Protein chains: 2
Amino acid sequence: MNFMEKEKPIGVFDSGIGVLTVVKRIASALPNESIVYFGDTARVPYGSKSNETVIEYAMQDAQFLMKKGVKAIVVACNTASSVALDELKAAFTVPVIGVIEPGAAMAAKLSTGGRIGVIGTRATVNNHAYAKKILGLNSKLEVFETACPLFVPLAEEGWHEHPSAYIIAQEYLHELQMKDIDTLVLGCTHYPILAKVIQKVMGDKVKLIDSGIATSEVVRSELERIGLVSNSNALGRMSFYVSDIPSTFQKIARIFLEREIPDVQKILVGS
Amino acid sequence: MNFMEKEKPIGVFDSGIGVLTVVKRIASALPNESIVYFGDTARVPYGSKSNETVIEYAMQDAQFLMKKGVKAIVVACNTASSVALDELKAAFTVPVIGVIEPGAAMAAKLSTGGRIGVIGTRATVNNHAYAKKILGLNSKLEVFETACPLFVPLAEEGWHEHPSAYIIAQEYLHELQMKDIDTLVLGCTHYPILAKVIQKVMGDKVKLIDSGIATSEVVRSELERIGLVSNSNALGRMSFYVSDIPSTFQKIARIFLEREIPDVQKILVGS
């Protein structure tokens, strides 16, 4: 029984395709684990919806993954992580891992100067999701938050190296440049796509925190804790499900995952 | 009875706040008409959803307006206009007016060189909604379509005069510049916000078509045809309803409408 349990996949969901940066990090940190990915592309974005609606959607997303027999659930969506994590943990017996706590913990741990910047969607910044966690870990740290709404459409357009990306990043990050931060949390799953331009604007001395990397380390330690690390030596399988297929899905997925993705299946969720 | 019928408001709906550019045009062309506006901001965007879903949502939006006693319905959403107009016309007894036919007719009428560009969201461009209507009116015209996905978030961010807007517009419009067009349809209700930068990139010889202006002329002639033009000499009332209130709603609304807007009420639609 336990043998089969170990070979079950890890489930990962998000409101959209930003999740793919997290999938990439998990696949790279845990190459023998199989992953079932669900992107709720029909109901994206979650960031502008009420908490009740986000909780309802997140429960449906997680239920879909549970039906696929997952051994753990990664909530690779900052909005759902900040709003629905307690409800998800209460509803399911498998470990439920959000992206905010791991990202906040890594920032608190790696900050050398105690001045941490956080960039995210307007919803994440208005909720102070990262700031609360970081200050909860160490109240002496200083946290500066800025919303960067155009970063998501820029990443989805595949313009991570376009001249406009640099000008937009300069505009958004200007305030943080003045704050003399030493660490910057990429508080949105889309932002690692823009890491190069963000690093260029902020300078080499600022350490960028990719929540996907932090999260895959937590996934690993959770699987170790419950004794469900895969015994396989082969590369894990990847299955992709979405609630709607945007016309540019394959193109964007290639940019996000940095590899070709297998067939994507469209499924009906909620309704 | 007919006297009261004339003083009923015009209903206008859209998936988001782009509708406000159309409301502005109707209010300016028909200042004595009252307007009830509904923005389905909780379920925006429609452009990435299936036709069945867009039809279902559009019917709910129109039903909400009918309950407010409107004498005509303007579908100020390009996606809903191209997908749901027939269903809406069949379902309701009041005139239902979309934005695509008026915009296409104005472009066909005003084009001097017979070469018309159309810019819109990816959904509108992929449906060839404007091209079909324009070529249906005059098959000798040539139509060139380009999607400009970043224009909507740019307009919603209020960055219509930001240097990045010019760089992004240059990138998107480059192909159309090569086509020697004489007329350019702004095929998305957000785009009039960016008219200045679009005109600058395309040059003064290219005539921009604002579907909102074209649509308000059709609304006027429809009301005349059915004898329901308001007799009032006072400024019409404006009522705003949305399905969710984004934190930046007032700021964006000010940019779009170019005036302060009264109280906005949040209502529940569908569900």
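Start with the two domains of chain A, in bounds that come from an automatic or database domain assignment. Select 2-99 + 213-266 for domain 1, then 101-210 for domain 2. This is a predicted model: local features need pLDDT of at least 70, side-chain atom pairs count only at pLDDT 80 or more, and totals for chains, interfaces and linings use all residues. Residues are numbered from 1 along each chain as its sequence is written, while chains are lettered from A and ligands numbered from 1 in written order.

The C-alpha centres of domain 1 and domain 2 of chain A lie 22 Å apart. Now show the contacts (C-beta atoms, placed from the backbone, within 7 Å). Here 24 residues of domain 1 of chain A meet 22 residues of domain 2 of chain A. On the domain 1 side, color α2 (19-29), α4, α11 (211-225) and α12 (249-257) of chain A; each gives two or more residues. The largest share, five residues, comes from α11(A).

Next, select α3(A), residues 51-67. Helices are DSSP runs of H or I, at least four residues, and strands are runs of E, at least two, numbered from the N terminus. Show A:Val54, A:Tyr57, A:Ala58, A:Asp61, A:Ala62, A:Phe64 and A:Leu65: these are buried (20 or more other C-beta atoms within 10 Å of the residue's own; exposed means 12 or fewer). Look down the axis of α3(A): the buried residues fall within an arc of 150°, so they line one face. They pack against β1 (10-14), β2 (35-39), β3 (72-75) and α4 (78-91) of chain A.

Turn to the other side of α3(A): A:Glu52 and A:Lys67 are exposed. Finish just after the helix, at A:Gly69, with its positive phi of about 75°.

How values were computed:
Expected span 1.5 Å × (residues − 1). Arc of directions from axis to C-beta. Contact = placed C-beta atoms within 7 Å.
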